[in-house]
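Okay, thanks for coming, everyone. Let me put the model up on the screen, and then I'll talk you through a few places in it.

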Amino acid sequence: MNDCIQNDPAAGTGNCSIVPMKVERVFDSCSDKDCITNVQVHLENGELPANVCMVKTRCVSITNVCLSVEPIPFNRGYFTVDITFTFGVELLAYEQACDCPMMLRGCATASKSVILYGGEANTKTFFSNGIRIGETSSCCEVVNLPTASVQVVEPIALETKIANICLSHDEAGRPRPRGVLMTLGVFSVVELTRPVTMMVPAYPYSVPAKTCSCENDSPCEIFSRISFPTEEFVSQNAAPTSFQGACGCYSSKHCSSGCNCKVVHDHGSISDNDIANSDTSNSSGGCNGIIPTE
């Protein structure tokens, strides 16, 4: 294997060696596009002001994600990943649509679960920095769970509305008749990883050939390197579809040989003599139609 890699022409060098490396291997992963409905927003001031009749989302972001990994009984190697998203929400509240809005802040949570394959490991690993992987359960069994990770982009606020929320109470135990509900679109990628030792090819380090530069060109020098936008000064004229010349042509590109159509530019004009001449046929069986240019 070592000789095969060293003789690889893509390597560009023969100084290749196989070295062991401790890496996080992805055993399983999945991507998801979730549309989460009826997400209740818990406002910082406790309740929605009574005079507010309309709300809009100004900003929504994911502030925290809580992950929990548990093995699935009777299905060795598979794990359930429970995910709880915490959203930070900024709302614009209106008394009337034409009034200046007031800013409201709050948070919301939503949960989901996925099942992924995470492999099996019956060992415990200890590191000199105090980190340890794996533990012993109450039944004297080694529990070595994989590590779950989730990658997300900022959610999309699909809908924000005021609604009557059942079983919602404030800190004093009083019912809240109204609240804010949201519909959010969330894109996520979930992975299960484990630390493994792998043999990988290694090549000697080479100094980058690219030199570091920090150009301090003047604005005029930068502007001089920009091409002139000629297309911005040329009008885009569409070819007319309703015009038909005497030969049936609507464009000079469609005229057959022997069709002596006269080309008239958009800024030109058609005289009465041109129109009269367009009705006569030439000796070749063509026509003298008048057509505009494209």
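This is a predicted model: local features need pLDDT of at least 70, side-chain atom pairs count only at pLDDT 80 or more; totals for chains, interfaces and linings use all residues.

The largest nonpolar core has 31 residues, and Val-81 and Phe-87 are the ones with the most contacts within it. Who contributes? E1, E2, E3, E4, E9 and E11 each give two or more residues to that core, and E3 has the largest share, with eight residues.

Now the charges. How many salt bridges are there? The count comes to five. Take Lys-112 and Asp-34, whose side chains meet at 2.8 Å, N to O. Lys-112 sits in strand E4 and Asp-34 in strand E1, so this pair ties together parts that are 78 residues apart in sequence. And are those two buried or exposed? Both are buried. Asp-32 joins in as well, linked with Asp-34 and Lys-112 in a network of salt bridges.

Next is Glu-90 with Arg-58, where the closest N and O atoms are 2.5 Å apart. Here strand E3 holds Glu-90 and strand E2 holds Arg-58, so parts 32 residues apart in sequence get tied together.

Then there's Arg-76 with Glu-120, at 2.7 Å, N to O. This one goes from loop to loop: Arg-76 is between E2 and E3, Glu-120 is between E4 and E5, so the pair ties together parts 44 residues apart in sequence. Arg-76 counts as exposed because its relative accessibility is 62%, while Glu-120, at 48%, counts as partly exposed.

Okay, single residues. Ser-31 is in strand E1, and with 60% relative accessibility it counts as exposed. Setting aside its sequence neighbours within four places, Ser-31 contacts Ser-188 and Val-189. Its C-alpha is also 9.5 Å from that of Val-150, 119 residues apart along the chain.

Over in strand E11 there's Phe-187, partly exposed at 37% relative accessibility. Together with Val-153, Ile-156 and Leu-158, Phe-187 makes a nonpolar surface patch of about 360 Å².

Last one: Asn-144, in the loop between E8 and E9. Away from its sequence neighbours, Asn-144 touches Ala-121, Thr-123, Ile-133, Gly-134 and Arg-194.

That's my tour, so over to you.

Methods: Residues are numbered from 1 along each chain as its sequence is written. Side-chain values use heavy atoms; hydrogens and water are left out. Helices (H or I, at least four residues) and strands (E, at least two) are DSSP runs, numbered from the N terminus. Buried means under 20% relative accessible area, exposed over 50%, partly exposed in between (1.4 Å probe, protein chains only). Contact means heavy atoms within 4.5 Å. Patches are made of residues with over 30% relative accessible area and no salt bridge: like charges are joined within 9 Å, nonpolar side chains (Val, Leu, Ile, Met, Phe, Trp, Tyr) within 5 Å. Accessible areas come from the Shrake-Rupley method with a 1.4 Å probe; for residues, only the protein chains shown count as cover. A salt bridge is a side-chain nitrogen of Lys or Arg within 4 Å of a carboxyl oxygen of Asp or Glu. A nonpolar core is a set of buried Ala, Val, Leu, Ile, Met, Phe, Trp, Tyr and Cys residues joined through side-chain atoms within 4.5 Å.
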